[in-house]
Amino acid sequence: MFDKWGISRLNRRNLLAAAAMALVAGCAVVPKAPVTGPAPTPTPPPSQSDIPVDTERHRVALLVPVTGGNSGVGQAIANAANMALLDTAAKNLRVTTYDTSTNPAEAARKAIADGNQLILGPLLADDIPAVSGIAKAAKIPVISFSNDEQAASRDVFIMGNLPGQSVTRTIDYARSQGISTFAALVPRGDYGDRTSAALLAAVRGGGGSVVALEPYERSAASIASAAQRVKAKGGFDALLIADSGSLSVRAATAFKGASKTTGVRLLGTELWSGERDVTASAALAGAWYSTVSDQRFAQFSKSYRARFGSQPFRIATLGYDAVLLTLRVARDWKPGTRFPVDTLRDTKAFPGGFLGVDGAFRFTRGGLIERALEVREVQATAVKVVSPAPVKFGE
């Protein structure tokens, strides 16, 4: 359940005792010390002895923005987490939401002071350093909803969908269909760098070749120009367009009907998932891309609307799956003790990974999520799954 913790009964007794001692001390005669100016008093991090112990339920903090510009997404994740508790009738887990919109570090401090042994969040990559710095000092693990691969570490797990994995899955499928030469349109910046690296690794690892990588700024004019340049180079069987559906359509126009006339297969990334522009334009017909399965999302969305009266953001499933993951680990986690973080990386204990709304997933030793993805083909007004996601790892 979601709540706010006040001062416990034990802490109230401690405060009253401290006040009484201060009153006695104020009446005593104390020799004056030399005046040297006020010394700064450091604020100590929350200590284990200050944390109220709950012997019946696990305390888990959810750090998301519930005010400000990203409040819609943050609240959707919080709603989904609450849904997971209701759907499972969990009695051994208490999830408390902390707003990260203005001061993520302070949200982390409050969460730790309240006795939470696990942090789910933050949502934004920019908030991870502030939150993880506070959490690491208190030895509290963090499972972030971001997709910032660089932020992953032994104590920080990244749960957001990673573009590199989508690219790898699509390339592997394309190679299985006889495609061996590739080109790509990649936006300048971190996302483009990650998709480029994944493309090169997947293609070369499968014995293929990348004949062209054309960068562009994220604008309609720039991607359209880059598409014309890469088309002029030629010599490839498939072209990866690493951008949203709307911008990808701009680039695909230069290759309209390419898969039928010139043999060039267009490829996309997980950014295409759920975008209407992808199926609204004939330019992307026949294109392939990989993403998490929607098999369970329809029921999730229906339940969400019934409870909260609105359509959930697609990313809201991360909140639901994070709670399911916690409950699975909680089977062997004693309330009041530290979260068994090593369990998240234990492939022997969970050889098939964990199962959520978005399908099977697990974490690497480096803290990055691995997901079982499906491959889709764009068709007129819809998409078709051409390679289903494995139900569990090892299949």
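## A phenylalanine pair and its cluster

Let's start with Phe350, which counts as buried at 11% relative accessibility. This is a predicted model, and Phe350 has a ring partner in it: Phe354. The two rings lie 4.6 Å apart, centre to centre, with 40° between their planes, a tilted arrangement. Phe354 is buried too, at 5% relative accessibility.

The pair belongs to a wider group. Ring pairs join Phe350 and Phe354 with Phe157, Phe361 and Phe363 into a cluster. In the whole structure there are 12 aromatic pairs.

## Arginines over rings

Two arginines are worth a look while you are in this part of the text. One of the cluster members, Phe361, has the charged end of Arg371 sitting over its ring, 5.5 Å from the centre.

Arg362 lies over the face of another ring, that of Phe393. Here the distance to the ring centre is 4.1 Å.

## Helix α11 and its two faces

Now turn to helix α11, which runs over residues 297–308 and has 12 residues. From first C-alpha to last it reaches 16 Å, close to the 16 Å expected at 1.5 Å a residue. After the helix comes Gly309, with a positive phi near 75°.

Which residues of α11 are buried? They are Phe297, Phe300, Ser301, Ser303 and Tyr304. Because these residues cover an arc of only 165° around the axis, they sit on the same side of α11. Parts of the chain that cover them include α2 (71–88) and α12 (317–330).

The face turned away from that buried side looks quite unlike it in exposure: Ala298, Lys302 and Ala306 are exposed there.

Which residue of α12 forms an aromatic pair with Phe300 of α11? The partner is Tyr320, and the pair is edge-to-face, with 5.6 Å centre to centre and 85° between the planes. It links distant parts of the chain, as Phe300 in helix α11 and Tyr320 in helix α12 are 20 residues apart.

Methods: Residues numbered from 1 in each chain as written. Predicted model: local features only at pLDDT ≥ 70, side-chain atom pairs only at ≥ 80, totals over all residues. Heavy atoms only, no water. Helix = DSSP H or I, 4+ residues; strand = E, 2+ residues; numbered from the N terminus. Expected span 1.5 Å × (residues − 1). Buried < 20%, exposed > 50% of the residue type's maximum accessible area, 1.4 Å probe, protein only. Arc of directions from axis to C-beta. Contact = heavy atoms within 4.5 Å. Phe/Tyr/Trp six-rings, centres within 6.5 Å; stacked < 30°, edge-to-face > 60°. Lys NZ or Arg CZ within 6 Å of the ring centre and 35° of its normal.
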